[in-house]
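The sequence and the structure come before the discussion.

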Amino acid sequence: MYDNKMASDEELYEMLGSAFENDPKNFKNPKALYLYFSSLVDLHKGGKKELQEVFDVYDNVNDKIEEENKKLTGVITQLLPKDSTGTITSKEKRSLKIATTNSESYGKIAGSVDSKLGALADCSNLIPLYEKSYEEKKGDVTWVKRAVGRMFNKECTDDLLFQKLFEAQLALVSSASAYVYGGTLKMKNGDTKGALADFDKAMSLETDSYKKSDIAYKVAVINKRKGSKSTARKYAQMAISANKANGKAYLLIANLYATSANDCGSTPFEKRAIYWKAADMARQAGRVSPAVKGSANQSAASYAAKAPSKTDIFNSGMAGKTVTFSCWVGGSIKVPNL
């Protein structure tokens with residue numbers, strides 16, 4: 001009906017919403033998930049739906065995408081080592097291919113859903129909406145946790161409302177994510193030691209490896225923003241240890257390497273060699289998590305283009321030799337042979 005323009009946004013949203021609510025287990029089609037959310041945003045822009053409903057459906061759709069992608073990356077994580085060693089069966093090979101293709105699709109849809117939400121989730125919209133609903137909703141643990149999470153993700157943590165919502169969450173339920181938010185506030189107030197203690201407490205409290213990985217990634221992002229690159233990498237590596245399919249963590253490390261080019265090496269060649277290391281990490285992100293394959297390939301190509309060219313390698317006489325990094329990155333990289 002959508003493809004042939006046979007239904008209005010209202011009809012599409014009503015049909016898809018009914019299907020999602022009545023049979024969420026089997027609502028797996030990536031295009032349908034996007035259309036469900038997209039039709040709602042268009043209705044909101046036309047003044048027919050409230051912003052809170054947009055956020056509620058966004059969270060539900062996002063949770064579904066994460067749930068399905070978690071299953072797929074579980075298959076990928078299990079079969080990739082077999083594929084690389086050549087011990088994979090033909091049946092497993094097909095399973096790996098299907099899981100990879102579907103994970104890529106979910107990754108694209110997740111990006112489209114975020115783009116569709118766009119500026120609607122900016123602090124200028126979030127803060128008045130949550131201020132208005134706070135008294136009525138402060139006892140609703142799901143609403144409070146989602147509000148705090150969204151303000152955190154959109155970096156609205158400087159507003160006093162974030163503190164208020166954070167305290168409301170603490171009063172309702174003590175969770176690992178609460179320590180992440182508490183650590184963020186301490187970091188903003190200059191208490192780095194206290195912040196790191198809170199972040200480690202969050203890691204120790206979380207028993208689900210997938211959620212632990214997500215927490216570690218969030219902490220890595222916080223430290224990256226603060227310019228603490230080695231600490232950011234430490235938590236990104238913890239995220240990977242908890243969930244080997246956390247492609248975002250690999251991409252974050254790749255970016256940390258790429259933005260350290262001027263700090264690593266004494267010659268222009270050595271400085272630019274770090275981009276090979278960054279490109280390798282970005283490629284790994286795409287291998288373990290097809291959901292981020294598009295951005296991973298783009299990042300890898302960008303980093304590789306900044307690395308020394310064949311002419312640079314020839315002129316430097318470094319072909320086949322090893323460049324060691326004495327900066328915070330550490331380790332080394334082997335220069336490609338010509």
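Axes are lines fitted to C-alpha atoms, for helices over the stretch in contact, and angles run from 0 to 180 degrees between N-to-C directions. Helices (H or I, at least four residues) and strands (E, at least two) are DSSP runs, numbered from the N terminus. The model is predicted, and local features need pLDDT of at least 70, side-chain atom pairs count only at pLDDT 80 or more, and totals for chains, interfaces and linings use all residues. Residues are numbered from 1 along each chain as its sequence is written, and side-chain values use heavy atoms, with hydrogens and water left out.

**Packing of H3 and H6**

Helix H3 (residues 51–85) packs with helix H6 (residues 141–153) at an angle of about 85°, and their axes are 12 Å apart. The two helices, H3 and H6, are therefore roughly perpendicular to each other, a label that covers angles of 65 to 115 degrees, with under 35 degrees counting as roughly parallel, over 145 as roughly antiparallel and the rest as oblique. In contact terms (heavy atoms within 4.5 Å), Gln52, Phe55, Asp56, Tyr58, Asp59, Asn60 and Asp63 in H3 meet Trp143, Arg146 and Arg150 in H6. By class, this contact of H3 with H6 has three nonpolar, two polar and five charged residues, where Ala, Val, Leu, Ile, Met, Phe, Trp, Tyr, Cys and Pro count as nonpolar, Asp, Glu, Lys and Arg as charged, and the others, Gly among them, as polar.

**Salt bridges**

The structure holds 23 salt bridges, each being a side-chain nitrogen of Lys or Arg within 4 Å of a carboxyl oxygen of Asp or Glu. Burial is given by relative accessible area, buried meaning under 20%, exposed over 50% and partly exposed in between (1.4 Å probe, protein chains only).

| Pair | Closest N to O |
|---|---|
| Arginine 225 and glutamate 155 | 3.3 Å |

Arginine 150 counts as buried at 7% relative accessibility, and aspartate 59 counts as buried at 12%.

Arginine 225 forms a salt bridge with glutamate 155; arginine 225 lies in helix H10 (residues 209–225) and glutamate 155 in the loop between H6 and H7, so the pair ties together parts that are 70 residues apart in sequence. Arginine 225 is partly exposed at 46% relative accessibility. Glutamate 155, partly exposed at 48%, also has a positive phi of about 55° although it is not a glycine.

Arginine 283 and aspartate 280 are three residues apart in helix H13 (residues 268–288), and so are separated by about one helical turn. Arginine 283 is partly exposed at 35% relative accessibility, as is aspartate 280 with a relative accessible area of 38%. Salt bridges that share partners join Asp59, Asp63, Arg146 and Arg150 into one network.

**A buried arginine without a partner**

Arginine 233, in helix H11 (residues 229–242), is buried yet has no salt bridge, and the nearest side chain of opposite charge (Lys and Arg count as positive and Asp and Glu as negative; His and the chain ends are not counted) is that of aspartate 263, 12 Å away. Leaving aside neighbours within four places in sequence, arginine 233 is in contact with Ile253, Leu256, Tyr257, Trp328 and Val329.
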